[in-house]
Amino acid sequence: MADEVEESKSFKALGICEQLVEACHNLGWRNPSKIQAEAIPHALEGKDLIGLAQTGSGKTGAFALPILQALLEATRPHAFFACVLSPTRELAIQIAEQFEALGCGIGLKCAVVVGGVDHVQQAIALAKRPHIVVGTPGRLLDHLSNTKGFSLNALKYLVLDEADRLLNEEFEKALDEILQVIPRERKTYLFSATMTKKVRKLQRACLRNPVKIEAASKYSTVDTLKQQYCFVPAKYKDCYLIYILIEMSGKTSIVFTRTCDSTRLMALMLRNLGLRAIPISGQMSQANRLGALNKFKAGECNILVATDVASRGLDIPSVDMVINYDIPTNSKNYIHRVGRTARAGRSGVAISLVNQYELEWYMQIEKLIGKKLPEFPAVEEEVLMLMERVTEAKRLSLMKINETGRKRRRKGGDDAEEDTDRYRPHPDKPSKKSKKR
Ligand code: AMP
């Protein structure tokens with residue numbers, strides 16, 4: 001749910017046509033969110049936009065509604081009317097879902113072209129001449145080069161979502177090539193949670209007199225977010241993590257780690273301790289990533305162990321707690337990570353586990369958010385009581401990972417993910433009682 005604007009300016013008052021107002025109401029959107037109220041009137045006037053807004057602000061509606069309205073006003077049916085680029089596959093899928101939900105009453109056709117999914121199926125979807133294409137840059141470029149009959153020659157709208165990330169080296173080349181083969185005469189919307197120098201550069205390159213809209217102040221964290229740190233010796237970090245998860249048991253949490261491998265290891269370790277954890281990282285196949293996300297959304301697992309892939313863009317509802325198991329080396333990632341909780345006016349907790357080697361990065365974060373955070377009150381004797389069980393759980397997890405790796409090498413296949421993304425309850429669940437024993 002996005003934050004609604006206080007004064008109830010209706011979608012109709014913003015200039016949205018009746019059919020789309022009805023579509024919004026069918027989705028339960030009573031009033032526009034702040035970014036929608038600010039962006040839509042300019043977009044309907046035909047302006048280019050730069051929107052500084054995070055996922056959860058309602059930014060998808062802010063660009064989708066004006067595009068759909070222009071599509072409805074077009075004098076003839078128009079294939080490949082708009083293209084939305086996103087840095088992650090999950091975000092692309094979420095964006096397409098919102099377009100489809102808003103456009104279901106007007107016969108909207110939408111195609112998603114992302115990596116990790118069969119090319120042929122996507123080519124078939126493109127052959128149906130959808131109105132909207134949502135994709136990641138690499139795969140879109142691939143289809144532009146190799147899929148017969150697919151071109152964006154008549155494109156009217158280009159949206160770059162999470163633009164700061166799209167402008168990273170990873171995507172820069174593909175993005176430049178896409179920009180070269182689409183019409184210059186078009187509307188461009190650029191949405192980003194943070195404004196970097198690169199975004200400014202692109203803004204100069206491809207937007208015309210854009211209107212800049214800011215729905216959230218730069219790098220701030222919301223007041224309903226309780227942020228704490230816990231200074232821990234590196235060798236006891238796992239124990240502190242388990243201690244916090246048990247203290248806060250029942251909450252939905254995301255635990256952020258630095259590498260893909262550590263998401264797998266940690267999720268296994270947590271499961272060995274009876275906690276309902278599931279990993280998500282860029283190393284998993286697309287199907288497994290979506291599967292993990294769905295299990296988390298459905299409440300089957302209440303702990304998502306993630307790399308920064310999941311800190312951006314994903315619309316994961318009601319996360320109560322974010323734990324930074326590894327402190328991000330780039331402080332802006334902290335803002336993205338903790339933005340997964342305390343959304344839409346709800347409260348949330350973010351706890352950062354800082355060891356002796358991460359102090360400098362943590363201090364950079366405090367500088368960026370402009371405040372000193374309070375310490376999480378952990379009782380050290382209680383934490384250390386968990387040591388034996390945590391060490392054993394980690395040993396078993398490492399053994400399991402090594403075993404799966406060996407099996408995979410023998411088979412030459414990729415069955416390791418299946419082993420780690422399935423949650424199996426463990427009879428030996430640690431409870432507060434067992435911890436205090
Ligand atoms: P977004 O920031 O676009 O990812 O949207 C976050 C969530 O807010 C999605 O689940 C949307 O369905 C929801 N949402 C978007 N606009 C509104 C609105 N005006 N009122 C209520 N919910 C909304």
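Helices (H or I, at least four residues) and strands (E, at least two) are runs assigned by DSSP, and their numbers count from the N terminus. Keep that in mind as you work through these exercises on a predicted model.

**Exercise 1. Get an overview**

Task: How many helices and strands does the chain have, and what percentage of its residues count as buried?

Solution. 
- Step 1: Count the elements. The chain holds 18 helices and 13 strands.
- Step 2: Turn to burial. Buried means under 20% relative accessible area. Of the 437 residues, 54% count as buried.
- Step 3: Look at the contacts. Among those with a separation of 6 or more, 76% join residues 24 or more positions apart.

**Exercise 2. Check the confidence**

Task: What is the mean pLDDT of the chain, and over which residues does pLDDT stay under 50?

Solution. 
- Step 1: Start with the whole chain. Its mean pLDDT is 86, and 87% of the residues reach 70 or more.
- Step 2: Go to the start of the chain. Residues 3-7 stay under 50, and the model gives them 13 contacts beyond four places in sequence.
- Step 3: Go on to residues 413-437. Their pLDDT is also below 50, and this stretch has 62 contacts in the model beyond near neighbours in sequence.

**Exercise 3. Describe two helix pairs**

Task: At what angle do helix 6 and helix 8 pack, and at what angle do helix 3 and helix 4 cross?

Solution. 
- Step 1: Know what to look for. Two packed helices are described by the angle between their axes and the distance between the axes.
- Step 2: Take helix 6 (residues 137-146) and helix 8 (residues 169-181). They pack at about 45 degrees, with axes 9 Å apart. The two helices are therefore oblique to each other.
- Step 3: The crossing of helix 6 and helix 8 is left-handed. Helix 6 contributes P137, G138, L140, L141 and L144 to the contact, while helix 8 contributes F171, A174, E177, I178 and V181. By type, these residues divide into 8 nonpolar, 1 polar and 1 charged.
- Step 4: Take helix 3 (59-73) and helix 4 (residues 89-103). Their axes come within 10 Å and cross at roughly 45 degrees, which makes helix 3 oblique to helix 4.
- Step 5: Finish the second pair. The crossing of helix 3 and helix 4 is right-handed. From helix 3, the contact uses T60, G61, F63, A64, L65, I67 and L68; from helix 4, I95, Q98, F99, L102 and G103. Here the division is 8 nonpolar, 4 polar and no charged.

**Exercise 4. See what covers a helix**

Task: Which residues of helix 8 are buried, and which residues of helix 2 are buried?

Solution. 
- Step 1: In helix 8, the buried residues are F171, A174, L175 and I178. Their cover includes strand 2 (82-85), helix 6, strand 5 (157-160) and helix 7 (163-166).
- Step 2: In helix 2 (residues 34-44), they are I35, Q36, A37, A39, I40 and A43. The cover there includes strand 1 (49-52), helix 3, strand 6 (187-192) and strand 7.
- Step 3: G46 follows it, with a positive phi near 90 degrees.

**Exercise 5. Follow single residues**

Task: Is E162 buried or exposed, and is N209 buried or exposed?

Solution. 
- Step 1: Find E162 in the loop between strand 5 and helix 7. Its phi is near 50 degrees, a positive value in a residue other than glycine. With 3% relative accessibility, E162 counts as buried.
- Step 2: Find N209 in the loop between helix 9 (197-206) and strand 7 (211-214). N209 is not a glycine either, yet its phi is positive, about 40 degrees. Its relative accessible area is 70%, so N209 is exposed.

Task: Which residues does I67 contact beyond four places in sequence, and which does T147 touch?

Solution. 
- Step 1: I67 is in helix 3 and counts as buried, at 0% relative accessibility.
- Step 2: Setting aside neighbours within four places, I67 contacts F81, A82, F99, I132, Y157, V159 and Y189. The C-alpha atoms of I67 and L158 are separated by 9.8 Å, although the two residues are 91 apart along the chain.
- Step 3: T147 is in the loop between helix 6 and strand 5. With a relative accessible area of 15%, T147 is buried. Not counting residues up to four places away in sequence, T147 touches A123 and D142.

Methods:
Residues numbered from 1 in each chain as written. Predicted model: local features only at pLDDT ≥ 70, side-chain atom pairs only at ≥ 80, totals over all residues. Heavy atoms only, no water. Axes fitted to C-alpha atoms, helices over the stretch in contact; angles between N-to-C directions. Parallel < 35°, antiparallel > 145°, perpendicular 65-115°, else oblique. Left-handed = near helix turned anticlockwise from the far one by under 90°. Contact = heavy atoms within 4.5 Å. Nonpolar A, V, L, I, M, F, W, Y, C, P; charged D, E, K, R; others polar. Buried < 20%, exposed > 50% of the residue type's maximum accessible area, 1.4 Å probe, protein only. pLDDT = per-residue confidence, 0-100.
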